[in-house]
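Welcome, and please take a moment with the sequence and the 3D view below. The notes that follow walk you through them topic by topic.

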Amino acid sequence: PCPSSEMLGYAAHLLGCKLPPLQPYGRIEAALSPMARSFWSENRRASSRRLRHQLGYRLLFPSYREGLAALTDPRT
């Protein structure tokens, strides 16, 4: 688990893009669509521990970093 800003920053890095400056949610909330407001109003982190240990599921990538890198790899 990591903050969404960290994951988005890494994705932007892989694509050679700059992220817009961070804005406090309270400042931009009124300008967001209802769907965007619903999405960005919460910050949930998920762990794959239970999925892996109790169900024996094997993930293709150990973290979001490897998964995002695979998305940008022209060989895959």
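## Cysteines and the overall picture

Searching the whole structure turns up zero disulfides, where a disulfide is counted as a pair of cysteine sulfur atoms within 2.5 Å. In general terms, a disulfide is a covalent bond between the sulfur atoms of two cysteines. What you see is a predicted model, in which local features need pLDDT of at least 70 and side-chain atom pairs count only at pLDDT 80 or more, while totals for chains, interfaces and linings use all residues. Residues are numbered from 1 along each chain as its sequence is written, and side-chain values use heavy atoms, with hydrogens and water left out.

- Cys2 is in no disulfide, and its nearest cysteine sulfur, that of Cys17, is 18 Å away.
- Cys17 is likewise in no disulfide, with the sulfur of Cys2 as its nearest cysteine sulfur.
- Is Cys2 buried or exposed? Cys2 counts as buried because its relative accessibility is 19%; buried means under 20% relative accessible area, exposed means over 50%, and partly exposed lies in between (1.4 Å probe, protein chains only).
- Cys17 has 46% relative accessibility, so Cys17 counts as partly exposed.

**Fold and overall shape**

- The chain has five helices and zero strands; helices (H or I, at least four residues) and strands (E, at least two) are DSSP runs, numbered from the N terminus.
- Read from the N terminus, the elements follow the order α-α-α-α-α.
- The radius of gyration of the chain is 16 Å, whereas a compact globule of 76 residues would have one near 11 Å. This radius is taken over C-alpha atoms, and the globule rule is 2.2 Å times the number of residues to the power 0.38.
- Along the principal axes, the C-alpha atoms fill a box of roughly 45 × 30 × 20 Å.
- Of the 76 residues in the chain, 11% are buried.
- Take the contacts (heavy atoms within 4.5 Å) between residues at least 6 apart in sequence: 57% of these join residues at least 24 apart.

**The surface**

- Accessible areas come from the Shrake-Rupley method with a 1.4 Å probe; for residues, only the protein chains shown count as cover.
- Which residues form a nonpolar patch on the surface? They are Leu8, Leu19, Phe39 and Trp40, which together have about 420 Å² of accessible area.
- Patches are made of residues with over 30% relative accessible area and no salt bridge; like charges are joined within 9 Å, and nonpolar side chains (Val, Leu, Ile, Met, Phe, Trp, Tyr) within 5 Å.
- Trp40, one of the patch residues, lies in helix H3 (residues 34–40). Trp40 counts as partly exposed because its relative accessibility is 42%.

**The salt bridge**

- The structure holds one salt bridge, meaning a side-chain nitrogen of Lys or Arg within 4 Å of a carboxyl oxygen of Asp or Glu.
- The side chains of Arg75 and Asp73 make this pairing, at 2.9 Å from N to O.
- Arg75 has a relative accessible area of 74%, so Arg75 is exposed.

**Residues to look up in the 3D view**

- Thr72 is in helix H5 (residues 64–72) and is partly exposed because its relative accessible area is 36%.
- How far apart in space are Thr72 and Leu14? Their C-alpha atoms are 7.2 Å apart, although 58 residues separate them in sequence.
- Beyond its neighbours within four places in sequence, Thr72 is in contact with Leu14 and Leu15.
- Met35 is in helix H3, and its relative accessible area of 70% is why Met35 counts as exposed.
- Pro1 sits in the segment before helix H1 (4–15); with 74% relative accessibility, Pro1 counts as exposed.
- Not counting residues up to four places away in sequence, Pro1 touches Arg45, Ala46 and Ser47.
- Between Pro1 and Ser38, 37 residues apart in sequence, the C-alpha to C-alpha distance is 20 Å.
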